[in-house]
Amino acid sequence: TSEFGKIFVEVIESMKYIFQTKNDVLMVTSSGTGAMESAVVNLLSQGDEVIVASSGNFGDRWEKICQAYNIKVNKISVEWGKAVDPKDIENVLSTNKNIKVVFTTHTETSTGVVNNIEAIGKIVANTQAILVVDTISGLAGQKFLTDEWKVDVAVTGSQKGLMYPPGLAFVTVSEKAWKLVESSSLP
């Protein structure tokens, strides 16, 4: 209905404010994990190489999703309770030019660690790779500046930081990320 259309547009525009982005925001009827999977399958093709920078259970979830689609994962794993060192990401990117995506987590639910997305974004922005961030528990609870921090894709779910019932997810997509979407061949 036209009433639904107005609400839908209002929600999308409000989410742009919450994400602090001018990029496209998509609404997905799924959990946060569904939004994570949608990021993987819409950005990559079988055999592509990625970095997964993990500081806990949900960072590890990026790895599991990628492996399910035969994506080659270069994993940077830190002890639970510690943040990812952005220099570790920089080191892998400088030695492997095949990396298409860097996946990481803003606020790791399993440990409460907040990763330095701003520093990671500056590093990734200087490469051909894109940065994809799970901010499911972090968005609205921690500072998150999608555009300023050069995050190409950010995913969130309604049930954690946004404090709404589960079942909706939101994804931001930058122009740089849309180029990968155009060439992705995963189902």
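The largest nonpolar core here has 28 residues, and Ile89, Leu93 and Phe144 have the most contacts inside it. A nonpolar core is a set of buried Ala, Val, Leu, Ile, Met, Phe, Trp, Tyr and Cys residues joined through side-chain atoms within 4.5 Å. Buried means under 20% relative accessible area, exposed means over 50%, and partly exposed is in between (1.4 Å probe, protein chains only). Bear in mind that this is a predicted model, where local features need pLDDT of at least 70, side-chain atom pairs count only at pLDDT 80 or more, and totals for chains, interfaces and linings use all residues. Residues are numbered from 1 along each chain as its sequence is written, and side-chain values use heavy atoms, with hydrogens and water left out.

**The cores**

- At least two residues of the 28-residue core come from each of α1 (2–19), β2 (49–54), α4, β4 (99–105), α5 and β5 (130–134). Helices (H or I, at least four residues) and strands (E, at least two) are DSSP runs, numbered from the N terminus.
- α5 gives this core its largest share, 4 residues.
- Another core lies apart from it and has 27 residues, including Ala35, Ala39, Cys66 and Val171.
- Leaving aside neighbours within four places in sequence, phenylalanine 144 is in contact with Ile18, Phe19, Gln20, His106, Ile117, Val133, Thr135, Leu139, Trp149, Val151 and Ala154. Contact means heavy atoms within 4.5 Å.

**α4 against α5**

- Helix α4 (residues 86–95) and helix α5 (residues 117–125) have axes that come within 9 Å and cross at roughly 15°. That makes the pair roughly parallel. Angles under 35 degrees count as roughly parallel, over 145 as roughly antiparallel, 65 to 115 as roughly perpendicular and the rest as oblique.
- Axes are lines fitted to C-alpha atoms, for helices over the stretch in contact, and angles run from 0 to 180 degrees between N-to-C directions.
- The α4 and α5 crossing is right-handed; that label applies if the near helix is turned clockwise from the far one by less than a right angle, and left-handed if anticlockwise.
- On the α4 side, Pro86, Ile89, Glu90 and Leu93 meet Ala119, Ile120, Ile123 and Val124 of α5. By class, that contact has 7 nonpolar, no polar and 1 charged residues. Ala, Val, Leu, Ile, Met, Phe, Trp, Tyr, Cys and Pro count as nonpolar, Asp, Glu, Lys and Arg as charged, and the others, Gly among them, as polar.

**α2 against α3**

- Helix α2 (residues 32–43) packs with helix α3 (residues 57–68) at an angle of about 45°, their axes 10 Å apart. α2 and α3 are therefore oblique to each other.
- The crossing of α2 past α3 is right-handed.
- Thr33, Met36, Glu37, Ala39 and Val40 of α2 meet Phe58, Arg61, Trp62, Ile65 and Cys66 of α3. These residues split into 7 nonpolar, 1 polar and 2 charged.

- Proline 86 sits in α4 and is buried, at a relative accessible area of 15%. Beyond four places in sequence, proline 86 is in contact with Asn116, Ala119, Ile120 and Ile123.
- Glutamate 118 is in α5 and counts as partly exposed because its relative accessibility is 33%. Its C-alpha is 16 Å from that of threonine 172, 54 residues away along the chain.
- Glutamine 128 is in the loop between α5 and β5 and, at 74% relative accessibility, counts as exposed.
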